[in-house]
Amino acid sequence: NKAREITPNLIINVVAEHFGVRPEDIVSKKRNSEFVQPRQVVMYLCRELTNVSQVNIGRILGKKDHTTVIHGVKKIEAEMQNSEEFRNKINVIMKKLS
């Protein structure tokens, strides 16, 4: 049972499915709140689970600047500290990925 390789594309697809949005919306320029949090979760998980640089994570997510990626990761980390429910949601997504 070989563990599957965790790629940004896999993360995008799993997060999109979990949040009930389309993968295209996560990588789009749309700034609706329904897409912002899933996009930031993708940034966080790419940072935690892959060796992809922040610059490349930004590129994959609709040509975002690497500072946007840093901000998104910090937002998710803060939310995880403040909300056990949100932390559990992230853990469920991480289990789906592995």
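Student: Which residues touch the most other members in the largest nonpolar core?
Tutor: Keep in mind that this is a predicted model. The core has 26 residues, and Val15, Ile26, Val41, Val42, Leu45 and Ile90 are the ones that touch the most other members.

Student: And which helices each supply at least two residues of this core?
Tutor: Helix H1 (8-19), H3, H5 and helix H6 (84-97) do. The biggest giver is H3, with seven residues.

Student: Let me zoom in on Ile90. What is Ile90 in contact with, leaving aside neighbours within four places in sequence?
Tutor: You'll find Val41, Tyr44, Leu45, Ile76 and Met80 there. Val41 and Leu45 are also on that list of core residues touching the most other members.

Student: OK, switching to charges. How many salt bridges does the structure hold?
Tutor: Three. As background, side chains of opposite charge can pair when their charged atoms come close.

Student: Which residues are linked in the network of salt bridges?
Tutor: Arg22, Glu24, Asp25 and Lys30. Arg22 pairs with Glu24, where the closest N and O atoms are 2.9 Å apart. Arg22 also meets Asp25, at 3.8 Å from N to O. Asp25 then bridges to Lys30, with the closest N and O atoms 2.8 Å apart.

Student: Is Asp25 buried or exposed?
Tutor: Buried, because its relative accessibility is 6% and the cut-off for buried is under 20%.

Student: Which one gives the most to the lining?
Tutor: H3, with four residues.

Student: Which residues line the largest pocket, then?
Tutor: Here's the list: Lys29, Arg31, Val36, Arg39, Gln40, Met43, Lys64, Thr68, His71 and Gly72.

Student: How many of the lining residues are nonpolar, polar and charged?
Tutor: By class, the lining has four charged, four polar and two nonpolar residues.

Notes. Residues are numbered from 1 along each chain as its sequence is written. This is a predicted model: local features need pLDDT of at least 70, side-chain atom pairs count only at pLDDT 80 or more; totals for chains, interfaces and linings use all residues. Side-chain values use heavy atoms; hydrogens and water are left out. On a 1 Å grid over the protein atoms alone, a cavity is a set of points where a 1.4 Å probe fits but cannot get out, and a pocket is an open set with protein on both sides within 12 Å along at least five of seven lines; lining residues have an atom within 4 Å of a point. Ala, Val, Leu, Ile, Met, Phe, Trp, Tyr, Cys and Pro count as nonpolar, Asp, Glu, Lys and Arg as charged, and the others, Gly among them, as polar. A nonpolar core is a set of buried Ala, Val, Leu, Ile, Met, Phe, Trp, Tyr and Cys residues joined through side-chain atoms within 4.5 Å. Buried means under 20% relative accessible area, exposed over 50%, partly exposed in between (1.4 Å probe, protein chains only). Contact means heavy atoms within 4.5 Å. A salt bridge is a side-chain nitrogen of Lys or Arg within 4 Å of a carboxyl oxygen of Asp or Glu.
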